[in-house]
Amino acid sequence: MSERRDGESAAVVDCGSLVVLSAGLSGQHAQDVLYSFLLAQLVADKKHKRHADPVRWYETYGKALERLGWIVEEHEGFTRHRPHEIPYGVAPLVRDTLARVADENILGAAAAGVRALADADPVSRAAELFEQRTHVERAGNFQVGVAEEVRGVEGDGGTVIVRLGRFRFRAVDEATELVRLLHTEFRAADEVVRGAQVLHLNEDVHGPLRDGIAEKLGERVEVLIAPVGG
């Protein structure tokens, strides 16, 4: 994984997730976010087929994050997406989903991350990784999150908060062309389900686990985490 300097924002493909690391997020906390969300996906992948059994996959994924010290502050369960316009793409889907738990700054960061990945060279490592992990044939399962560090009192290292959109879909309409996910236009018959969460990191739980997480992930970090444009 390429180095990211503290104070810089970055969009990163993390296995089947697109994670936007906000400016001001420390290097350690950026790693905490990426490693946690990667490990949770791998744990869920081991137990359930990501695209064929997304309901149980998400249950395992959520429990894995909790064990790693992520606490759910707000939660919107999965519901069928009801778009304002048809056809619609991933960008408005992400905005409508995160709007329930995020302000305009976060929505802007998420939109910029989606746009950067959509515009990326299709043979770049980030673009290829996202396509490989987020859908098989016409079924998909992916996440888009924005991570930020909220500073508290002086001397406080800050609380890490992730606003996370969770998505699964089946492209039922034969007219829907699913080649690159971020270029897909979904139609009314397509089954698109989404939910949103706000999570914050409990340092007391996560801190002692850091070294073990990194050791468990090992070389998979370099294979399954790819900065967009990096």
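The axes of helix 1 and helix 7 come within 10 Å of each other and cross at roughly 55°. Here an axis is a line fitted to C-alpha atoms, for helices over the stretch in contact, and the angle, from 0 to 180 degrees, is taken between N-to-C directions. Helices (H or I, at least four residues) and strands (E, at least two) are DSSP runs numbered from the N terminus. The model is predicted: local features need pLDDT of at least 70 and side-chain atom pairs count only at pLDDT 80 or more, while totals for chains, interfaces and linings use all residues. Residues are numbered from 1 along each chain as its sequence is written, and side-chain values use heavy atoms, with hydrogens and water left out.

**Helix pairs**

Helix 1 and helix 7 are therefore oblique to each other; angles under 35 degrees count as roughly parallel, over 145 as roughly antiparallel, 65 to 115 as roughly perpendicular and the rest as oblique. Helix 1 passes helix 7 in a left-handed crossing. A crossing is left-handed if the near helix is turned anticlockwise from the far one by less than a right angle, and right-handed if clockwise. Contact (heavy atoms within 4.5 Å) is made by Q28, H29, D32, Y35, L38, L39 and L42 of helix 1 with R210, I213, A214, K216 and L217 of helix 7. These residues divide into seven nonpolar, two polar and three charged. In this scheme Ala, Val, Leu, Ile, Met, Phe, Trp, Tyr, Cys and Pro count as nonpolar, Asp, Glu, Lys and Arg as charged, and the others, Gly among them, as polar.

Helix 1 also packs with helix 2, where S36, F37, A40, Q41, V43, A44, D45 and K47 meet W57, T60, Y61, A64, L65 and R67. By class, that contact has eight nonpolar, three polar and three charged residues. The crossing of helix 1 and helix 2 is right-handed.

Helix 3 (residues 90–98) and helix 4 (residues 104–119) form another pair. Helix 3 and helix 4 are therefore roughly antiparallel to each other, and their crossing is right-handed. A91, V94, R95 and L98 of helix 3 touch E104, L107, A110 and V114 of helix 4. Six of the contact residues are nonpolar, none is polar and two are charged.

| Helix pair | Axes come within | Crossing angle |
|---|---|---|
| Helix 1 and helix 7 | 10 Å | roughly 55° |
| Helix 1 and helix 2 | 8 Å | roughly 140° |
| Helix 3 and helix 4 | 10 Å | roughly 155° |

**A pocket**

The second largest pocket has a volume of about 240 Å³. Helix 1 (27–47), helix 2 (54–67) and helix 7 (210–217) each supply at least two residues of its lining, and helix 1 gives the most, with four residues. Among the lining residues are L39, L42, A64, R67, I213 and K216. By class, the lining has seven nonpolar, one polar and four charged residues. On a 1 Å grid over the protein atoms alone, a pocket is an open set of points where a 1.4 Å probe fits, with protein on both sides within 12 Å along at least five of seven lines; lining residues have an atom within 4 Å of a point. Grid points are joined across faces, edges and corners, and the volume is the space filled by probe spheres set on the points.

**Backbone details**

Most residues other than glycine have a negative phi, and most peptide bonds are trans. C15 has a positive phi of about 60° although it is not a glycine, and C15 sits in the loop between strand 1 (10–14) and strand 2 (17–21). The peptide bond from I86 to P87 is cis, with omega near 0°. P87 is found in the loop between strand 3 (70–80) and helix 3.
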